[in-house]
Amino acid sequence: MKVGGKHFRTIWLKPDDQSVVQLIDQRFLPHGFVIEEIRTVEQMATAIREMHVRGAGLIGASAGYGMYLAAMEAASRDSFGEHIACAAAKLSATRPTAVNLSWAIERQLQNFAVATTADEKIAMALRTAELIADEDAEHCRMIGQHGSKLIQELAQRKTGPVNVLTHCNAGWLAFVDHGSATAPIYAAHDNGLPLHVWVTETRPRSQGSKLTAWELGQHRVPHTVIADSAAGHLMQRGEVDLVIVGSDRTTYTGDVANKIGTYLEALAAKANNVPFYVALPSSSIDWKMRDGLKEIPIEQRAAEEIRHADGWFDGQQVAVQISPDESPAANYGFDVTPRHLVTGLITERGVCEANEKSILSLFPKHAP
């Protein structure tokens with residue numbers, strides 16, 4: 001996607017130094033555009049854990065590049081395998097909910113086992129990291145092509161713009177390019193379809209009001225930021241035609257883990273007969289988990305994210321305390337939306353129902 005007219009991915013190798021990974025540090029958006037340079041696996045682990053980068057696809061791509069940095073570090077150590085194992089464990093521990101993280105690490109580990117020398121392992125790790133990133137961008141592009149048809153169908157049945165509601169940030173900032181939930185929006189907008197996006201602010205880190213709103217503004221897509229709790233109100237009044245959200249992990253049976261608050265929006269959509277779609281690349285599908293409510297780990301983040309808010313004031317980013325000193329806070333990062341509340345899944349291979357049979361019909365190699 002473009003920033004100020006210039007194309008950017010969210011993560012890439014430094015053009016003149018392949019030992020350095022560059023990424024957009026999202027902590028400073030939307031008021032500052034900062035490119036961070038990552039030179040070690042420790043720095044990459046920090047970037048993932050502290051949410052310099054976030055979003056399922058980008059977490060996976062970052063882990064892929066992190067394993068490449070680990071391979072370069074391991075080449076100078078006494079035990080290549082021991083350092084790689086430690087790096088894999090360190091990266092795996094950063095964010096437990098997004099399945100793309102473990103998927104990318106496992107993919108690198110499998111390829112390490114094929115190569116023989118340290119140089120071969122480094123070259124293999126680089127190719128794999130770049131392939132993970134390229135696949136992520138292409139899969140999101142295809143999600144856009146499939147999902148935009150849903151918007152087109154709605155546009156043909158009504159006058160005025162199609163009103164799409166999305167939650168959190170499942171945009172190109174959450175992936176390598178295009179995004180998942182936003183990919184159909186961008187594709188429809190680029191094809192000239194009239195649409196408007198309701199952007200939930202997404203407390204406590206406000207990824208919607210900070211990141212999704214900034215992205216849509218850069219792409220000149222009409223949008224309005226709303227409080228999370230306004231979503232049901234708008235659905236009751238017929239001002240939402242379609243909900244599209246992303247996913248950090250979806251079971252092969254169709255249960256969806258996404259940013260906290262998604263479940264409530266799915267309930268409101270069901271009650272008001274609003275189609276509720278989840279857009280995700282297949283790398284976000286967990287082919288081992290069957291029951292999302294019982295099996296998907298829900299990340300609990302620091303209480304300070306609830307107790308404080310940050311924003312732009314007088315030319316700098318500042319944090320302010322919201323809640324009383326004596327009040328504890330619980331910060332659940334994700335919730336699980338059961339499959340029966342999901343109208344369909346938008347993947348790189350097409351749209352399917354949120355159930356085992358339909359999902360496996362698109363991805364038959366995973367059938368038992």
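Visitor: With which side chain does the side chain of Thr251 make a polar contact?
Guide: A word first: this is a predicted model, where local features need pLDDT of at least 70 and side-chain atom pairs count only at pLDDT 80 or more, while totals for chains, interfaces and linings use all residues. Residues are numbered from 1 along each chain as its sequence is written, and side-chain values use heavy atoms, with hydrogens and water left out. A polar contact is a pair of N or O atoms within 3.5 Å; within protein, one must be able to donate a hydrogen and the other to accept it, and residues adjacent in sequence count only if both atoms are side-chain atoms. At 2.8 Å, the partner of Thr251 is Thr253.

Visitor: Is Thr251 buried or exposed?
Guide: Thr251 lies in strand β10 (residues 249-251); strands (E, at least two residues) and helices (H or I, at least four) are DSSP runs, numbered from the N terminus. Contact means heavy atoms within 4.5 Å, and Thr251 touches residues including Ile285, Met289 and Ile359. Buried means under 20% relative accessible area, exposed over 50%, and partly exposed in between (1.4 Å probe, protein chains only). Because its relative accessible area is 0%, Thr251 is buried.

Visitor: In the open sheet of 3 strands, which strands stand at the edges?
Guide: Two strands pair if DSSP finds at least two bridges between them. The order is β3-β4-β5, with antiparallel pairing, and 4 bridges join β3 to β4. One side of each edge strand is left without a neighbour in the sheet, because each has a single partner strand; these are β3 and β5.

Visitor: What angle does the direction of α2 make with that of β4?
Guide: Axes are lines fitted to C-alpha atoms, for helices over the stretch in contact, and angles run from 0 to 180 degrees between N-to-C directions. Helix α2 packs on the sheet, touching β3, β4 and β5. Its direction makes with that of β4 an angle of about 155°.

Visitor: Which residue in β12 is the bridge partner of Val245?
Guide: Another open sheet has 7 strands in the order β8-β7-β6-β9-β12-β17-β18, with mixed pairing. Within it, β9 (residues 242-245) and β12 (residues 276-279) pair in the parallel sense over 3 bridges. In β12, Val245 is partnered by Val278.

Methods
Lists of a residue's contacts leave out its neighbours within four places in sequence.
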